[in-house]
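Subject: Structure for your files

Hello,

Here is the structure you will need for the next discussion.

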Amino acid sequence: MPNIQSAKKRVKVTATKTARNRALNSALKTQIKKANAAIDAGDANKAEAVRVAVKAIAQAAAKGILKKNAAARRKSTLARKLNAAG
């Protein structure tokens with residue numbers, strides 16, 4: 001454990017941010033899995049599932065959970081998969 005007051009605060013802040021990032025990243029992965037499952041199953045609402053996943057990816061990029069190019073790559077991959085499914 002740190003002895004200096006500012007170091008103690010950094011430990012607390014880092015723990016809080018880590019928990020928040022982990023929760024957001026987990027929710028993001030869930031949305032992407034749901035979209036992929038909807039595309040694979042050929043559900044009628046697959047476009048809606050992809051739209052929700054793309055929105056979650058954009059929000060994660062805006063909050064710094066994902067880098068900009070990683071977000072663009074994931075959105076592109078989902079769009080290509082949706083278009084290929086028809």
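The notes below cover the salt bridges, the nonpolar core and one glycine.

This is a predicted model, so local features are given only at pLDDT of at least 70 and side-chain atom pairs only at pLDDT 80 or more, while totals for chains, interfaces and linings use all residues. Residues are numbered from 1 along each chain as its sequence is written, and side-chain values use heavy atoms, with hydrogens and water left out.

Salt bridges

Side chains of opposite charge can pair when their charged atoms come close. Searching the whole structure gives 2 salt bridges (a side-chain nitrogen of Lys or Arg within 4 Å of a carboxyl oxygen of Asp or Glu).

One of them joins the side chains of D40 and K81, at 3.4 Å from N to O. D40 belongs to helix 1 (residues 5–41) and K81 to helix 3 (residues 68–85), so this pair ties together parts that are 41 residues apart in sequence. Helices here are DSSP runs of H or I with at least four residues, numbered from the N terminus. D40 is exposed, at 58% relative accessible area, whereas K81 is partly exposed, at 30%. On this scale, buried is under 20% relative accessible area, exposed is over 50%, and partly exposed is in between, with a 1.4 Å probe and protein chains only.

There is also a salt bridge between the side chains of R51 and E48, at 2.8 Å from N to O. Both residues sit in helix 2 (residues 46–62), 3 residues apart, which is about one turn of the helix. R51 is partly exposed with a relative accessible area of 47%, and E48 is partly exposed with 40%.

Nonpolar core

The largest nonpolar core holds 16 residues. Such a core is a set of buried Ala, Val, Leu, Ile, Met, Phe, Trp, Tyr and Cys residues joined through side-chain atoms within 4.5 Å. Among the residues with the most contacts inside this core are L28, V50, I57 and L78. Helix 1, helix 2 and helix 3 are the elements that give two or more residues to the core, and helix 2 gives the most, with 6 residues. V50 is in contact (heavy atoms within 4.5 Å) with A35, I39, L78 and L82, leaving aside residues up to four places away in sequence.

After helix 3

G86 lies in the segment after helix 3 and is exposed, at 76% relative accessibility. Its C-alpha atom is 9.1 Å from that of G42, although G86 and G42 are 44 residues apart along the chain.

Regards
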